[in-house]
Amino acid sequence: MTAQEAPIEVASVESTHRRAARRHRVLVHLTQVAVLVVIVGGWQLIVQGDSRSVILYGVPSGIVDRLWTWVSEGTAIGSLGDQIVTTLEEALIGFVIGTALGIVCGIALGRIRFLSEVFGPFIKVLNAIPRIVLGSVFVLAFGLGLESKILLVIVLVFFGVFFNAFQGTREVDRNFVANASILGASRWQVTSQVVLPSAFTWIIASLHVSFGFALIGAIVGEFLGGYSGLGVLIKNAQGTFDANGVWAAMVIMGAVALVAELLITRLENRLLRWRPARLAGPDL
Amino acid sequence: MRAEKSKPAIELRRVAKRFTTDSGTPYTALRELDLTVAEGEFCAVVGPTGCGKSTMLTLVSGLERPSVGSVTVHGKPVDGITPGVGFVFQTDAILPWKSVLDNVSAGPRFRGVPKKDALESARDWIRRVGLAGFEDRYPHQLSGGMRKRVALAQNLITEPRVILMDEPFSALDVQTRAKMSDELLALWDLTRPAVVFVTHDLEEAIALADTVVVLTAGPAATIKARFPVDLPRPRVVQEIRFDQRFLDIYHQIWDALRTEVDIAYSQSTRLDTDRRAS
């Protein structure tokens, strides 16, 4: 190879590489669309001829119709926006309180040995029982309003965050703590400037799962008894043999969860920008 | 000399340190250890692996308490974290979520210095360790040598009269290490704090220190011998090792160190075979 040829060679290698990457991306997206078309189209074709199946299983075109009716004319229990806002309100308030409680308790128990020794068994027992059943208790005790749903969400969110915050606190590099102490940090400064940022890698990881739990808590709470919200919408749809209505509510939930996931990932990137760039690889 | 008359910077008297291992059996790391480091003295501690060199530093810093004996720094018994002490760790201990500037200014800010003053003095120290322009980088964006400089600046900014260093350069490549040693000596010369520099590298110890202390093989290590290093300063670490005087001192100390290294090595291999048998 001569010296003149070399730069051309490099440029062409680069552009070939870029083209290959673009082709790969297009291929992935096309396949995704194909999968969607096969599933939804197959569902439509199999079900649409049989009116009994349409009622029992729902049908994609019917779901789209139902969504359109809800958007344009509102639902039987008020406008669609109101239902989404109610459910989101319950989920978000509960998520914030549950997360805050989880972080505070997790770090406190992780830092103070006495507390973890005293409360460890209680927390293990509480975590072992199926907490969703507490929804019934809360509806009985606090009525059909927001409070019972928020409580259920808190109970569902708390434990995931708590265990991660606790573990994160215990995994803090002891050299970091020793270094900060020698530099003059008080116990509180060590907690806020060393332990909390270090544990955040763990805590953030739990938030993705916890927000899913928050939505589940809100929906199930409404399901068990409520005046408005997506859970009530689903319950009513089920009661009137309206499979399309159940699916339509589910589509809305899915969209809400995706947006929330996006926001949490943003928060993660913002709070953890001190970390080295993640290794290349497929991201789910 | 002024240092001779005043109280020693560090004094360990008849110190022993025992730990309880996870299986519950007691383990003696140090015993009957006497060590005095004068104001402004650069003292290197060498010894075979696992002889309790690092334990000694944690006792002086106040991170741990001795089981027996007394540890005093500037005449005051150590009780809790010793004030006026800097500690450079073997592994990176600068906080990865703080930028270089925030890391270096952390010490003063922990101690309640107003933010503006702390940042100003941090910029000054960042410049002195040769990292000007890197203030806003995070530790993972720096090389190993640069992270060590941050750790040095982070400690020196608090103007410690005693600096404890636990194999600070062992993770660096040989050339970076020699460069860092030269820079350490230059920085040390600015304020002349007392230094205890733990290392397993005898060459490094002699090139840097006024005094080299040899520890016996652990467990229950104690001081075997103490050698003055009367090489003139300023020294160039990479060149001083060809000096005839350096070689003489090296041979002298190595004679003392070799038997301990042999003991430690045979112990470690024996423990290995025991473990395999059980």
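# Questions on chains A and B

Visitor: In this predicted model, what covers the buried residues of H8(A)?
Guide: Helix H8 spans residues 174–182 of chain A, and its buried residues are A:Phe176, A:Ala178, A:Asn179, A:Ala180, A:Ser181 and A:Ile182. The cover over these buried residues comes from both chains, and it includes helix H9 (187–224) of chain A together with helix H2 (53–61) and E6 of chain B.

Visitor: Which residue takes a positive phi just after H8(A)?
Guide: H8(A) is the helix of residues 174–182 of chain A. Just after this helix there is a residue with a positive phi of about 110°, and that residue is A:Gly184.

Visitor: Which element gives the most to the side of chain B that touches chain A?
Guide: The contact between the chains involves 19 residues of chain B and 15 residues of chain A. On the chain B side, the elements that give two or more residues are strand E6 (85–88) and helix H3 (100–110). With three residues, the element that gives the most is H3(B).

Visitor: Which helix gives the most to the side of domain 1 of chain B that touches domain 2 of chain B?
Guide: Chain B is divided into domain 1 (1–84 + 163–260) and domain 2 (96–159), and the C-alpha centres of these two domains lie 25 Å apart. Nine residues of domain 1 are in contact with seven residues of domain 2. The domain 1 side of chain B divides into seven nonpolar, two polar and no charged residues. Four residues on this side come from the helix that gives the most, namely helix H6 (residues 174–191) of chain B.

Visitor: At what angle do H4(A) and H7(A) pack?
Guide: The residues of the contact of H4(A) with H7(A) divide into 19 nonpolar, eight polar and five charged, and the crossing of these two helices is right-handed. Helix H4 covers residues 80–111 of chain A and helix H7 covers residues 146–170 of chain A; their axes are 6 Å apart, and the angle is about 35°.

Visitor: Which strands are the edge strands of the open sheet of six strands in chain B?
Guide: The order in this sheet is E6-E7-E8-E3-E9-E10 of chain B, with mixed pairing, and the twist averages 15° from one strand to the next. One antiparallel pairing joins strand E9 (residues 211–215) to E10(B) through five bridges, and within it B:Val214 has B:Ala225 as its bridge partner. The edge strands, each of which pairs on one side only, are E6 and strand E10 (223–228) of chain B.

Visitor: Is E7(B) largely enclosed or left open by the rest of the structure?
Guide: E7(B) pairs with E6(B) in the parallel sense over four bridges, and five bridges join E7(B) to strand E8 (residues 194–199) of chain B, also running parallel. From E7(B), B:Val162, B:Leu164 and B:Asp166 point one way whereas B:Ile163 and B:Met165 point the other way, and all are buried. Because five of its five residues are buried, E7(B) is largely enclosed.

Visitor: Which residue of E8(B) does B:Met165 stand opposite?
Guide: B:Met165 belongs to E7(B), where B:Val88 stands opposite B:Met165. E7(B) is also joined to E8(B), and in E8(B) the residue opposite B:Met165 is B:Phe197.

Visitor: Which strands of the four-stranded open sheet of chain B stand at the edges?
Guide: The order of this antiparallel sheet is E2-E1-E4-E5 of chain B. Within the sheet, five bridges join strand E1 (residues 10–20) to strand E4 (residues 68–73) of chain B, with B:Ile10 opposite B:Val73 in E4(B). H2(B) packs on the sheet, touching E1, E2 and E4, and its direction makes about 115° with that of E1(B). Two strands have a single partner strand each, so one side of each is left without a neighbour in the sheet, and these are strand E2 (26–37) and strand E5 (76–77) of chain B.

How values were computed: Residues are numbered from 1 along each chain as its sequence is written. Chains are lettered from A and ligands numbered from 1 in the order in which they are written. This is a predicted model: local features need pLDDT of at least 70, side-chain atom pairs count only at pLDDT 80 or more; totals for chains, interfaces and linings use all residues. Two residues are in contact if their C-beta atoms, placed from the backbone, lie within 7 Å. A residue is buried if 20 or more other C-beta atoms lie within 10 Å of its own, exposed if 12 or fewer, and partly exposed in between; C-beta atoms are placed from the backbone. Domain bounds come from an automatic or database domain assignment. Ala, Val, Leu, Ile, Met, Phe, Trp, Tyr, Cys and Pro count as nonpolar, Asp, Glu, Lys and Arg as charged, and the others, Gly among them, as polar. Axes are lines fitted to C-alpha atoms, for helices over the stretch in contact, and angles run from 0 to 180 degrees between N-to-C directions. A crossing is left-handed if the near helix is turned anticlockwise from the far one by less than a right angle, and right-handed if clockwise. Two strands pair if DSSP finds at least two bridges between them.
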